[in-house]
Structure formats: C-alpha cells, structure tokens
Amino acid sequence: MSYAIEAKDVSVKYKDFTAINQVSFQLEPDKIHGLLGRNGAGKTTLLSVLAAFRKADAGSLTIDGENPFENPGIMQNTIFIFDQHKDLEYSYEKIEDTLKSMADFRPNYDEAYAFQLAKKFKLPLTKKVNQLSKGKKSALQAIIGLASRAPLTIFDEAYLGMDAPTREIFYKEILNDQEEHPRTIIFSTHLVSETDYLFDEVLMIHQGKVLLQDTNEQVISKGFSVTGSLKQIDAFAKDLEVLNSQMLGGTKSVMVYGELSEQQKNAANQAGLEVGPLSLHDLFVHLTKEEDE
Amino acid sequence: MNSIILTPKKITRLLFGEQVKWTMWFLSFMFVIYIVVVSLVSGPHSSFVDLASFSNGSSAIYMLVIGILTTTVFFPYYMQQGATRKNFFLGTMLASALLAITITVIIILLSFILQFAAGWAGWNIHTQEVDFTSSFSAFIYTFISFVISHLIYFLIGWVIGLTFYRAGWLYGMLSIAFGIICLGITGILLEITHISFFTQQINLPIFVSVPLSLVLIVILFVINHRLIKDVTVKI
C-alpha cells in the first residue's frame with residue numbers, strides 16, 4: 001500500500017510569519033520524493049501538516065483522498081521521523097524492547113527486518129535507548145521508519161549525527177526496501193549532493209513557496225553549465241537565466257537554468273563552448289540563493 | 001486498508017501498564033519512608049497519622065505530576081506512533097480512572113496491613129484521621145472520596161500541562177490559578193483533601209458532595225478535550 005498526496009493552496013502561519021504560503025503540489029505513490037529547501041524554508045512545517053501534527057490554516061490537503069487530520073487510518077499509516085530525539089532522552093527501555101514494542105503501533109511493522117537493520121547499523125540491543133549517542137539515536141529512528149513500512153514514510157533530516165558510512169547504509173536500505181515494499185517516501189534534506197540519487201521526484205521549496213516540482217531527471221535536465229571565453233559567453237547567455245557565473249582569467253563559466261533549444265546547442269557547439277550538466281546540488285544552491293548572498 | 005490498531009482500549013492498556021510501573025516505585029518509596037518515620041517517632045506518648053491520610057497528600061501530588069507528564073511525556077510519544085488526539089484522550093481518560101482506583105485500593109490494603117502490624121509491634125497509630133474501618137458505609141465513602149480526589153488531582157495536572165504545552169507560560173500560570181480554585185472546591189466537597197480555603201469544614205451530605213465532585217470531573221475532562229482536540233504536536 002502506498003499513499004498519493006495532494007495539497008491545494010495550503011498555508012500555515014505563525015502569528016505574523018507565514019511559514020507556508022499557498023503551496024500546491026501532488027505527490028505520486030510508490031516514489032521517493034526529495035523535499036529540498038534551505039533552513040527555514042518551511043520543510044518541517046509542511047511535513048508536520050502531512051503527518052497531522054498540526055492543522056493547516058488554509059487550503060486543503062488529502063492523503064489517499066482523505067483529510068489526514070485526526071484520521072486514525074491515515075495517521076497510523078504515516079510515520080514521521082525527524083531530527084530531534086527529545087523523547088528518546090527519557091526512554092530507559094532497552095533497544096530490543098523498543099524495537100519489539102513498535103509492532104503495537106504500526107500495522108505493517110516487520111520486526112525481523114528491524115533486527116536485521118539493527119545489526120547493520122551496529123546498535124547494541126541490550127543498551128538503553130537514552131544511553132545511545134546522537135548518531136545511534138538517529139539510526140534507531142531510521143530503523144523504526146524503515147521497518148514500519150508505512151504507506152507514507154517521512155524522513156526529515158533523519159540522518160542527523162550519523163557518520164558518512166552510516167548515512168550510506170541508510171540511503172542504500174531506503175532504496176533496497178523501497179524496491180521490495182514500495183511506499184510513498186518523503187525525504188527532506190539540505191544535504192543534496194549525497195542524496196540526489198535517491199529521488200524519483202524533487203519538490204523544492206523556498207520561503208514558504210514551491211519553487212519547482214518535477215522528476216529528478218527533468219529537474220537536472222534543466223540545468224547547464226557553459227564555459228568559454230568571456231566575450232562568447234556574455235553573448236551566448238544574454239537571453240538565458242543565469243544562476244551563477246565564475247571567471248578565471250579570460251575564461252567564463254555560467255550556470256544556466258532552462259532548457260536549451262537545438263539551435264542554441266548547435267550555436268554553442270559551433271562557437272566551441274563547453275556545455276555540461278549541472279548537479280541537483282548546484283541547482284539547489286543557486287535557485288535558492290537570496291539577493292544579498 | 002488495515003483496521004485501526006491504536007484503539008483507545010489499547011492506549012489505555014499501554015498507558016496504564018506504564019503508569020502502574022511508576023506507581024509501584026512511588027508507593028514502595030512512600031511505604032518505606034512511612035515505616036521508617038513511624039518506627040522513629042512512635043512511642044507510648046507519640047502518635048502518628050495512619051497511612052491513608054499520610055499518603056493521601058503525597059499520592060494526590062503524585063497524581064498531579066502524572067497528569068502534567070501526560071502531556072510532556074506520553075502525548076508526543078503516542079502522536080509519534082500514529083495515534084489520533086481523540087484516541088489518546090479516551091485512552092488517558094480510562095487509564096487515569098483505573099490508576100486512581102488502583103492507588104486507592106493499594107493504599108487501603110497497606111493501611112489494613114499496617115493496622116495489624118501496629119497492633120503487633122505496639123505502634124501508636126491514629127486511626128481517627130480517615131475513617132474507613134468503623135462501618136461499611138464509612139469504608140465506601142472513604143473509598144469513593146479517595147478515588148475522586150486522586151482523579152481530580154490528575155485532571156488538574158493534565159489541564160496545567162496541556163495549557164503550558166498549547167498556549168505558553170502566561171496561560172499556563174493562569175491554569176495553575178484555575179487548578180488551585182478547583183482544589184479549593186474539592187476541599188469543600190470532600191473531607192479528605194488537603195487544600196481547603198475554609199478552616200471550618202462545610203459538611204455537605206454525601207448525596208450532594210459526590211455528584212458535585214463528579215460534575216467537576218466531567219468539567220475537567222471537557223476542558224482537557226477542548227485543549228487537546230486540535231493541538232499542534234511540537235517537534
């Protein structure tokens with residue numbers, strides 16, 4: 001089972017501050033959606049609404065065609081793993097007991113898989129949860145998030161404190177388990193460079209608004225870097241949306257957002273300009289750049 | 001579509017199981033302290049309150065604390081496990097009533113045991129403070145008063161914790177004032193509570209005081225329901 005999500009003009013306000021401003025999007029089931037946004041872009045607020053942790057102030061949100069707020073069926077099938085572990089600080093339970101107890105809450109929870117993951121993440125099963133390091137606490141949460149196999153699984157910066165090899169294991173497990181048990185995964189992050197290969201689709205938000213939403217390939221196909229002599233580049237790029245430019249001596253390199261027509265590609269080739277792809281990371285960094293940066 | 005697995009009944013079972021564990025620790029400490037104090041101060045010319053009234057103060061405060069912790073500990077936990085606010089509310093409601101009954105039963109049992117032990121050890125224990133042995137009706141009245149006052153303390157704690165969680169410190173402070181007023185009212189209604197604004201007990205007949213206490217309980221449940229039903233879960 002996997003959930004489709006539809007948001008229409010969803011807004012959330014904190015007193016005078018609009019955290020989410022009339023956001024609309026659709027998320028297809030069975031896919032991994034990368035939710036990208038800078039600090040304070042509204043990612044966690046948006047995810048809180050999806051997880052029914054808060055009500056939206058305006059607009060409508062449906063998960064599997066229903067309003068998730070106080071909806072017992074949707075809520076037990078939505079798991080929200082976030083980067084804070086306040087609860088775990090006061091958990092004096094052993095890890096093995098915690099992993100076993102999750103079956104009480106989640107209909108699709110696979111205990112055997114959870115223990116298998118605990119081994120992979122090297123969690124000491126007989127240790128108490130509150131004694132774990134930050135990274136291990138994150139690993140425990142990640143295990144619960146994966147093994148719950150919830151039709152809507154949300155990871156919000158869930159890798160916090162994990163070292164690079166552990167993060168690798170985490171990403172790999174997401175891909176492996178998703179293949180066998182497809183669900184809707186929302187993976188919120190600002191560590192784009194190391195996670196971009198996970199995403200089927202990308203939803204980028206900035207200052208409470210949707211900046212772009214498309215398949216990962218489509219998003220990447222819209223970014224180019226063009227390198228050549230200063231003069232040539234200035235002439236070539238004058239009608240394009242330039243995200244960033246760098247100069248080294250007489251050579252200039254620009255990052256361009258938008259699709260290049262065949263004509264433009266040919267022109268670039270003829271002029272001897274070097275055209276290359278942009279990474280999702282580059283696009284993210286430069287599309288969300290603020291004016292004073 | 002799976003059926004709902006986090007039903008109010010299940011939340012009650014899980015919450016109550018956890019709270020009983022805490023309660024056993026609390027009552028054991030209380031019992032040990034009591035025994036130590038009694039054996040130190042007890043003598044031919046000294047006397048000491050019996051366990052029922054000795055514990056009522058501390059066990060009521062214990063219920064108040066559990067009530068506050070309901071919002072800071074249990075609520076975020078159950079929300080993270082995918083419970084709805086409504087089912088959590090219903091589960092907490094049942095668990096708190098069960099807990100109030102359980103604490104009362106244990107304290108009364110301990111009091112009986114102590115009376116026997118006191119007779120055997122020659123301790124001088126006042127049994128006049130709370131009367132639950134003179135007649136069956138006195139026992140029932142004491143039992144019901146104990147359960148009601150423990151439940152009210154719990155509910156006041158729950159209101160205070162929830163108000164702080166939902167509306168911040170200013171309203172939280174107001175909720176404490178509200179809690180004190182509720183305890184004052186409980187003091188008028190039930191003899192055994194320890195906070196009373198009046199030096200002289202107004203002795204209301206049982207058929208007035210018990211229904212009025214139940215009304216107070218219902219009001220507190222309604223307030224908690226209003227506070228919890230659309231509260232934002234903080235992360």
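Which domains does the domain assignment give for chain A? Domain 1 covers 5-216 and domain 2 covers 222-287. Keep in mind as you read that this is a predicted model.

**Between the domains**

The C-alpha centres of domain 1 and domain 2 of chain A are 36 Å apart. Their contact draws 7 residues from domain 1 of chain A and 5 residues from domain 2 of chain A. On the domain 1 side, α8 (192-195) and β8 (201-206) of chain A are the elements that give two or more residues.

**Between the chains**

Chain A also meets chain B: 20 residues of chain A are in contact with 21 residues of chain B. On the chain A side, α1 (43-50), α2 (72-76) and β5 (78-81) each supply at least two residues. The largest share, 4 residues, belongs to α2(A).

Here is the make-up of the two contact sides just described:

| Side | Nonpolar | Polar | Charged |
|---|---|---|---|
| Domain 1 of chain A, touching domain 2 of chain A | 5 residues | 1 residue | 1 residue |

**A closer look at helix α7**

Helix α7 of chain A (residues 164-180) has 17 residues, which should span 24 Å at 1.5 Å a residue; the end C-alpha atoms are 25 Å apart, so the two values agree. Its buried residues are A:Arg167, A:Phe170, A:Ile174 and A:Gln178. These cover an arc of only 55° around the axis, which means that they sit on the same side of α7(A). Among the elements covering them are β3 (32-36), α6 (134-147), β7 (184-189) and α8 of chain A. The other side of α7(A) carries exposed residues, including A:Pro165, A:Glu168, A:Lys172 and A:Leu175.

Terms used: Residues numbered from 1 in each chain as written. Chains lettered and ligands numbered in written order. Predicted model: local features only at pLDDT ≥ 70, side-chain atom pairs only at ≥ 80, totals over all residues. Contact = placed C-beta atoms within 7 Å. Domains from an automatic or database assignment. Nonpolar A, V, L, I, M, F, W, Y, C, P; charged D, E, K, R; others polar. Expected span 1.5 Å × (residues − 1). Buried ≥ 20, exposed ≤ 12 C-beta atoms within 10 Å, placed from the backbone. Arc of directions from axis to C-beta.
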